[in-house]
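I opened this entry to record what I looked up in the structure.

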Amino acid sequence: MLIQRKAEAGFYNLNRTDLTFEALAVAWLHSLQNSIKESTYAYYSYTLHKYLLPVLSKVPVTSLEESFLEQAMQQIIAPTDAVHKPLGNSSARECLSMLRTYT
């Protein structure tokens, strides 16, 4: 798990029980800002805010288990509340890739 390796290296403090997915994702995005192109940063930011955070923002990092993440991805790909249209293959893969980066 990438998050666990980063936590062990001191990048994240995962011992905090109040750490949410949003806080972790925003920290990750900020950590990339100077090492990627501006257009890539903008794309990651858009994807994060448009697709991932509406479903996962308030979820505690301690709750990010595989079965929960599978259900969350289904909600992201094909939302039942019509927040956005169902994602195509490319967008779904990008969301999954970003989600794997955090977890």
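I began with Ser57, which counts as buried because its relative accessibility is 16%; buried means under 20% relative accessible area, exposed over 50% and partly exposed in between, with a 1.4 Å probe and protein chains only. Ser57 lies in the loop between H3 and H4. Helices here are DSSP runs of H or I with at least four residues, strands are runs of E with at least two, and both are numbered from the N terminus. Not counting residues up to four places away in sequence, I found Ser57 touching Thr20, Phe21, Glu22 and Leu52, where contact means heavy atoms within 4.5 Å.

I noted the basis of these values. The model is predicted, so local features need pLDDT of at least 70 and side-chain atom pairs count only at pLDDT 80 or more, while totals for chains, interfaces and linings use all residues. Residues are numbered from 1 along each chain as its sequence is written, and side-chain values use heavy atoms, with hydrogens and water left out.

I then turned to the core. The largest nonpolar core has 25 residues, and Phe21, Leu48, Leu52, Ile76 and Tyr102 have the most contacts inside it. Such a core is a set of buried Ala, Val, Leu, Ile, Met, Phe, Trp, Tyr and Cys residues joined through side-chain atoms within 4.5 Å. At least two residues of this core come from each of H2 (21-32), H3 (38-56), H4 (66-77) and H5 (89-102). The most are given by H2, with six residues. Leaving aside neighbours within four places in sequence, I listed Tyr51, Leu52, Val55, Leu56, His84, Leu87 and Cys95 as contacts of Ile76.

Next I followed H3. Its buried residues are Ser45, Thr47, Leu48, Tyr51, Leu52, Leu53 and Leu56, and they pack against H2, H4 and H5. H3 bends by about 40° at His49, the bend being the angle between axes fitted to the seven residues ending there and the seven starting there.

Last, I searched the whole structure for aromatic pairs and found three. Rings of Phe, Tyr and Trp (its six-membered ring) pair if their centres lie within 6.5 Å; planes under 30 degrees apart count as stacked, over 60 as edge-to-face and the rest as tilted. Tyr43 and Tyr44 form a tilted pair, 6.5 Å centre to centre with 50° between the planes. Tyr46 and Tyr51 form an edge-to-face pair at 6.1 Å and 90°. Tyr46 is partly exposed at 45% relative accessible area, whereas Tyr51 is buried at 13%.
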